[in-house]
Amino acid sequence: METQVIPTTETELAGHLQRHKKRSAELRREPVSNRVQRLRELQAWIQGNRDRIKKAVHADFKKPLLEVDTSEIYPVLTELKHALKHLQQWASPRKVDATIAYLGTRSEIRHEPKGSCLIIAPWNYPFSLCVGPLVSCLAAGNTVIIKPSEMTPGTSRLIREMAEEVFDTDVVCVLEGGVEVSQQLLDLPFDHIFFTGSPAVGKLVMKAAARNLTSITLELGGKSPTVIDDSANLQDAAKRIAFGKFINNGQTCIAPDYVLVHHSVRDEFLKRLVKEVNTLFGNGEHVDEKSASYARLVNERHFNRVNELIADAVSHGATAVKLGEMNKETNFIAPVILTDVPPEARVWEEEIFGPILPLRTFRSVEEVTAMINGLPKPLALYIFSDRKAFQETILQNTSAGSVCINECILQFTHPNLPFGGVNNSGIGKSHGYYGFLAFSNEKPVLRQKGGWAAPYLMHPPYTTAMKKVVDVLLRWF
Ligand code: NAD
């Protein structure tokens, strides 16, 4: 639409936010059809620029082109389609019934835009984790400044170009840059901050937001447990876990982080898992650099970090089942399954975020719940079991942002499910209607229509007659 003038200095950033605030005051009076129009334009751009998106993400960390389609473009298009279908209804005032005490009043909940928002995104799904929240933000009628990740510069640049080609800079502005840009933005009084990233940076975001009492959505990470009991269909579990763990080279916030498998089926599961990983991501025998289905670690820092996690586990006595080689030059590490990992190893503490899967055996469901509850609440929890009682015991005795039973990852793209973490893995929900709510203020409006609403009877003077009315009120209503 126009070439954006990108603010860089603190004063320019503050000035830019002022323009967004002015514009957001206009947006709140606009008809919903204008929001629909913006979403349609975004949808058309994505559909018309699939190849550009695929090339950019692939260039950043060799993400397979088809995987860009399925895990970056598809989730955003689904989000867009869902919002376009339901936005009119989501944005309409919702009438609420009056209770007896409120007879004579009419009430509704209005969804007003929060105003000027900030989206800070991570690198691991660099397109969908920027543009997905953008859909919810625009659907709710806000303006937004987006700060994509500096670690995937090609995709970040493309997202800036997208904004320039589709939106007015006073409605959507993309600022490339690293931590310092993020920090400058966090100093400003936005109306809402939507942050996706690590729990450590999430804490800094929350602290910064507290200075202006800005509301926040924090989409964070953590260690997502995967439990397999002896009733599970092991073949199915192996296939789904292989996919959920090693897609995007294990750099997925909801990837199974570790597996707790019943001791009686460990060997069988391990055998099937190795076979499935080699079939899905390799040539059936192992996974090598020729694979067209296996992404890379995002950079050398993460290559070294993952390598150190493997070395640390092995130095503590773990066995590393390596399904191929590694290559420092290309940030390539073939999938590694770790068995017999002692509790002191770092893989039991840190979010792995790479192609390593540690396995641990259990004998009782209590051991499973104790292990899960011994760590911060995870973003996702996966249970593979055909026993309802086993599933229920885990569901009732643990907390997690989301749960999948006999499945992996699919909860993320279900348009009618809220997505988010709990405490250390996140605050607030996103996706679909829940994303729309995250960027909206639910404003109750009560209208007195001349009835004798009970609160009216509570006004002073406090007479004996009134005491009787209050006695009845407290007892019956
Ligand atoms: P990160 O927290 O390092 O960075 C995220 C964003 O914050 C980037 O844009 C970065 O520039 C910015 N940032 C980094 N340090 C900052 C600081 N000190 N002050 C202000 N801003 C700062 O996360 P990452 O490495 O990009 O992503 C990986 C993490 O994100 C993992 O923990 C993963 O689980 C989590 N994640 C969560 C979700 C989810 O939906 N819950 C999705 C993807 C990733």
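Let's start with the largest pocket: it holds about 1100 Å³ of space. A word on terms. The search runs on a 1 Å grid over the protein atoms alone. A pocket is an open set of points with protein on both sides within 12 Å along at least five of seven lines. A cavity is a set of points where a 1.4 Å probe fits but cannot get out. Lining residues have an atom within 4 Å of a point. Points are joined across faces, edges and corners, and volume is the space filled by probe spheres set on them.

Keep in mind that this is a predicted model: local features need pLDDT of at least 70, side-chain atom pairs count only at pLDDT 80 or more, and totals for chains, interfaces and linings use all residues. Residues are numbered from 1 along each chain as its sequence is written, and side-chain values use heavy atoms, with hydrogens and water left out.

Back to the largest pocket. Its lining has 45 residues. Nearest the centre are Phe-195, Gly-197, Ser-198, Pro-199 and Val-201. Which elements supply at least two residues each? Helix 7 (179–186), strand 6 (192–196), helix 8 (199–212) and helix 11 (300–315). Helices here are DSSP runs of H or I, at least four residues, and strands are runs of E, at least two, numbered from the N terminus. Helix 8 gives the largest share, eight residues. By class, the lining has 21 nonpolar, 12 polar and 12 charged residues. Nonpolar means Ala, Val, Leu, Ile, Met, Phe, Trp, Tyr, Cys and Pro; charged means Asp, Glu, Lys and Arg; the others, Gly among them, are polar.

The second largest pocket has a volume of about 310 Å³. It is lined by 16 residues, and Thr-70, Ser-71, Ile-247, Ile-409 and Thr-413 are the closest to its centre. Helix 4 (65–91) and helix 5 (128–139) each give two or more residues to this lining. Helix 4 has the largest share, four. How many charged residues are in the lining of the second largest pocket? None; there are 11 nonpolar and five polar.

Now the cavities. The whole structure has two of 30 Å³ or more. The largest cavity comes to about 310 Å³. Of its 26 lining residues, Glu-79, Gly-132, Phe-412, Ser-430 and His-431 sit closest to the centre. Helix 4, helix 5, strand 6 and helix 14 (432–438) each contribute two or more. The lining splits into 12 nonpolar, 12 polar and two charged.

The second largest cavity is about 40 Å³. Among its lining residues are Lys-245, Cys-253, Asp-257 and Glu-351. Its classes are four nonpolar, three polar and three charged.

On to helix packing. Two packed helices are described by the angle between their axes and the distance between the axes. Axes are lines fitted to C-alpha atoms, for helices over the stretch in contact, and angles run from 0 to 180 degrees between N-to-C directions. Under 35 degrees counts as roughly parallel, over 145 as roughly antiparallel, 65 to 115 as roughly perpendicular, and the rest as oblique. Contact means heavy atoms within 4.5 Å.

Take helix 4 and helix 5. Their axes come within 9 Å and cross at roughly 10 degrees. So helix 4 is roughly parallel to helix 5. Glu-79 of helix 4 and Gly-132 of helix 5 are among the contact residues. The classes are seven nonpolar, four polar and two charged.

Next, helix 3 (residues 50–61) and helix 6 (residues 153–166). These axes come within 7 Å and cross at roughly 155 degrees. That makes the two roughly antiparallel. The contact has five nonpolar, two polar and four charged residues.

Last pair: helix 9 (residues 234–246) and helix 10 (residues 266–281). Their axes come within 8 Å and cross at roughly 50 degrees. Helix 9 and helix 10 are therefore oblique. Their contact has 12 nonpolar, one polar and four charged residues.

Two backbone points to finish. Most residues other than glycine have a negative phi, and most peptide bonds are trans. Where is Asp-340? In the loop between strand 13 (336–339) and strand 14 (356–362). The peptide bond from Pro-460 to Pro-461 is cis, with omega near 5 degrees. Pro-461 lies in the loop between helix 15 (454–457) and helix 16 (464–476).
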